[in-house]
Amino acid sequence: MSSVASVHSLWTVAAGAPGKIPGPHIEYAQLSPTLIVLGAAVIGVLIEAFVPRAARYYSQLLLSLVALAAAFAAVIGLAAGGFGSSKAHIAAMGAIAVDGPALFLQGTILLVSLIAVFTFAERRLDPAAHGKRVDSFAAEVAAVPGGAAEQAAVKAGFTTTEVFPILLFAVGGMLVFPAANDLLTLFVALEVFSLPLYILCALARRQRLLSQEAAVKYFLLGAFSSAFLLFGVALLYGYAGTVTYAGIAEVVSDGAKQIDPALAGTMGNDALLLIGGALVLMGLLFKVGAVPFHMWTPDVYQGAPTPVTGFMAAATKVAAFGALLRLLYVVLPGLRWDWRPVLWGVAILTMLGGAVVAITQTDIKRLLAYSSIAHAGFILAGVIATSEDGVSSVLFYLGAYSFVTLGAFAVVTLVRDAGGEATQLSKWAGLGRRSPLVAAVFAVFLLAFAGIPLTSGFAGKFAVFKAAAQSGAGWLVVVGVLSSAIAAFFYIRVIVLMFFNEPKADGPTVAVPSPLTTTAIAIGVTATLVLGLAPQYFLDLAGQAGVFVR
């Protein structure tokens, strides 16, 4: 009882003494990209509540595009103001890093999200239902699939415009994730972008049950990975007595200088450091989709609405690799000899596993899912380089890969039959004769995935493998080249299927999209070719952005 009273008196004394509780110092201008996106997401929720249903679609679309464009402009402004180089520092009382990698990754995420909004808003691919245009998302999400409530919602022409604020909340979390500078901010950002993605995966208009199954799988496995990450955070706090990246790095390199009496028994205990670091790494490798934490990827990519799959495949990888780089390069550089061999094994398994299993796939979305797993392995080769070239090559690869991925999934939404999207590979036979332009565009994306010269995929792979080879990971590069050769087989197999096979009489048709999806695909193709033909400017940009603030 007396201890409770003494604690209470401490509170009242601290509150009563002027100047004893410091007010938080937040650099709002430097956090503006994230604040703009999250502010727009909140306004989007209010639009859902107060704006008439007929006006919501255009209101949400306009709000999302303006917010993402404004946030991207804010990132450009910060980079132009020197916050990516000379003025790089830790903002928000040590919680957020404003530096080159953070701004580069945030800019990439915002551009990817801007293009993803175009695919989310597409309403011309399905035939109109009851005189109303429909999109990729369920008319009444809370209704039982196939039930009377859903049928009534479809008849009334309802559309799920909530997807736009949900997307913005996910983007807000993704912007914080690679910039987080303490483990609690990292965990909060992880949850802020994961929960909206779980919801988006369940919203497909067609194949509702498959979509809901994908969302449940993603949610359950995501909850496990979050738990691992949080347990790792707790162990690292027990080891270092702090959750800040700089504090943990200092204890790793110099040992515990100032021992917190409450943690005296555990501080500096290497077992806590190794187990905690491994658990946090595990949580991040799950988000990246690396083997053996990849099991959710094919099912979720296949079941989620295709615009969501494209957004998730591109943006989540960028955010997760950014966080992984910061953890390994800022917090645990002193443990390099411990984590490098582990990541060698993970990278080799991921490259070979993704490439070999993709050969057996008969569904285009599952094939692209295993392709994304293989690419996670290639990017890990750059992470393992532990050099400035390694960081810049990973940044370039993430930027190049995200545009190719978005474009590829946007093309997948166009190929349709009576049941919606025709994702079975056998149905794509002869597509090059039925719709040469769409097949040619998809072939460009497949060649970029395969890493064929003059595409962005080649420039990215070359940069990553070069950085890995220079850091002494020559054998890893050999495995990477072999995996690329295996992967090239199934990409080229799809191109052969489209252009050299006879089209089936009852084959799918290619829907004519609105300017929204056309723009998304055009940007994807342009970025793929520009980054392949003239990559040097962007490689230099990634090189300038490749230094973490510590």
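Predicted model: local features only at pLDDT ≥ 70, side-chain atom pairs only at ≥ 80, totals over all residues.
D417 stands opposite G420 in β4. Strand β3 covers residues 415-417. Strands β3 and β4 pair in the antiparallel sense, over 2 bridges.

Now turn to the nonpolar residues. In soluble globular proteins, nonpolar side chains tend to be buried together. Here the largest nonpolar core has 187 residues. Five of them have the most contacts inside this core: F120, F177, F311, L380 and F442. Helix α12, residues 306-331, supplies the largest share of the core, with 18 residues.

Take L380 from that group. Which residues does L380 contact, leaving aside neighbours within four places in sequence? The list is L285, A290, F321, L324, L343, V346, A347 and T350.

S113 touches F311, along with L68 and V171, not counting residues up to four places away in sequence. S113 belongs to helix α4, which spans residues 100-120.

Is S113 buried or exposed? Buried means under 20% relative accessible area. S113 has 0% relative accessibility, so S113 counts as buried. What lies 2.6 Å from a polar atom of the S113 side chain? That place is taken by the backbone oxygen of I109.

Key: Residues numbered from 1 in each chain as written. Heavy atoms only, no water. Pairing = 2+ DSSP bridges. Helix = DSSP H or I, 4+ residues; strand = E, 2+ residues; numbered from the N terminus. Core = buried A, V, L, I, M, F, W, Y, C linked by side-chain atoms within 4.5 Å. Buried < 20%, exposed > 50% of the residue type's maximum accessible area, 1.4 Å probe, protein only. Contact = heavy atoms within 4.5 Å. Polar contact = N/O pair within 3.5 Å; in protein donor to acceptor, adjacent residues only side chain to side chain.
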